[in-house]
Amino acid sequence: MPTPRQIARDEMMRRISEIGFAQLDAGGPHALNLRAVARELGVVSSAIYRYVADRDAFLTLLVTDAYRQLADSVERNGQPASVVGIAEAMRAWAIAHPRRWGLIYGTPVVGYAAPSDTLSQGTRVMRMLLEALDNAHPSVDTPSTALDEATREDIEALRREWAPQLSAGAVELAVEAWSRIIGLISSEVFGHFGEGAFRQPAVLFRRAVERLANGLGRLGA
């Protein structure tokens, strides 16, 4: 059972994250300012560093929480057993929170590299996608480019860690699907299609993801 001190610390971290996201949503990563967070919390600036040591720690807090929010939203609003359901829930969250999406899937913040402890939250949606492929039978085409030994070993390592029930070919297709889903969402969120290019981008997205899901052997409802 958490102690009162731990409860108070957790609440302070929650408030720091909440204010940080307000800064991010208003002005992007360059608007993040720990001194401004301290002012809003009503504490001296030195006190905030007992919770968040520096800018990188602040970014790590927000990156981890953004991944968590995305995964929670997919679990809550999507269909975790459906490739299409997962993709559409990802898109909905990204459109609602474009700068949070940009923080985790956009241009990296200069001078910052997310530490490995963000991976537990950062891989949750990818793991959902792999679970959605469980018991599916993807049609694995053989590309003309041969698979080199290093890439084969990398795919096998992912398969063993994340989805031992799937074939290496299915895991390779899942990685490709993941990249294409993120690319489709980012193209819309960051305006790469051009303003007004598609009046119904949701239809374009669903058709693309349905086509992708068909190729994976599992069409989501």
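Let's start with a pair of helices: α4 (residues 55-77) and α8 (residues 124-132) pack with their axes 8 Å apart, at an angle of about 35 degrees. On the α4 side the contact uses R68, L70, A71, D72, V74 and E75, and on the α8 side R124, V125 and M128. Contact here means heavy atoms within 4.5 Å. Sorted by class, that gives five nonpolar, no polar and four charged residues. Ala, Val, Leu, Ile, Met, Phe, Trp, Tyr, Cys and Pro count as nonpolar, Asp, Glu, Lys and Arg as charged, and the others, Gly among them, as polar.

A word on what you're looking at: this is a predicted model, where local features need pLDDT of at least 70 and side-chain atom pairs count only at pLDDT 80 or more, while totals for chains, interfaces and linings use all residues. Residues are numbered from 1 along each chain as its sequence is written, and side-chain values use heavy atoms, with hydrogens and water left out.

Zooming out, the chain has 11 helices and zero strands. Helices (H or I, at least four residues) and strands (E, at least two) are DSSP runs, numbered from the N terminus. The C-alpha trace spans about 60 × 45 × 35 Å along its principal axes.

Now for α9, residues 149-162. Its 14 residues reach 20 Å from first C-alpha to last, close to the 20 Å expected at 1.5 Å a residue; the expected span is 1.5 Å times one less than the number of residues. D148 caps the N-terminal end of α9, with a side-chain oxygen 3.1 Å from the backbone nitrogen of A150.

Helix α9 also packs on α10 (residues 168-189), at an angle of about 95 degrees and with the axes 9 Å apart. That makes α9 roughly perpendicular to α10, a label for angles of 65 to 115 degrees. Axes are lines fitted to C-alpha atoms, for helices over the stretch in contact, and angles run from 0 to 180 degrees between N-to-C directions. I155, E156, L158 and R159 of α9 meet A168, V171, E172 and V175 of α10. This contact has five nonpolar, no polar and three charged residues.

| Pair | Angle | Axis distance |
|---|---|---|
| α4 and α8 | about 35 degrees | 8 Å |
| α9 and α10 | about 95 degrees | 9 Å |

Finally, the record: UniProt places "domain: HTH tetR-type" (unreviewed entry) at residues 10-70. That span is 75% helix and 0% strand, and its end C-alpha atoms lie 20 Å apart. The UniProt annotation "DNA-binding region" (unreviewed entry) covers residues 33-52, which are 60% helix and 0% strand, with end C-alpha atoms 12 Å apart. UniProt annotations may be inferred rather than shown by experiment.

Methods: Polar contact = N/O pair within 3.5 Å; in protein donor to acceptor, adjacent residues only side chain to side chain. Parallel < 35°, antiparallel > 145°, perpendicular 65-115°, else oblique.
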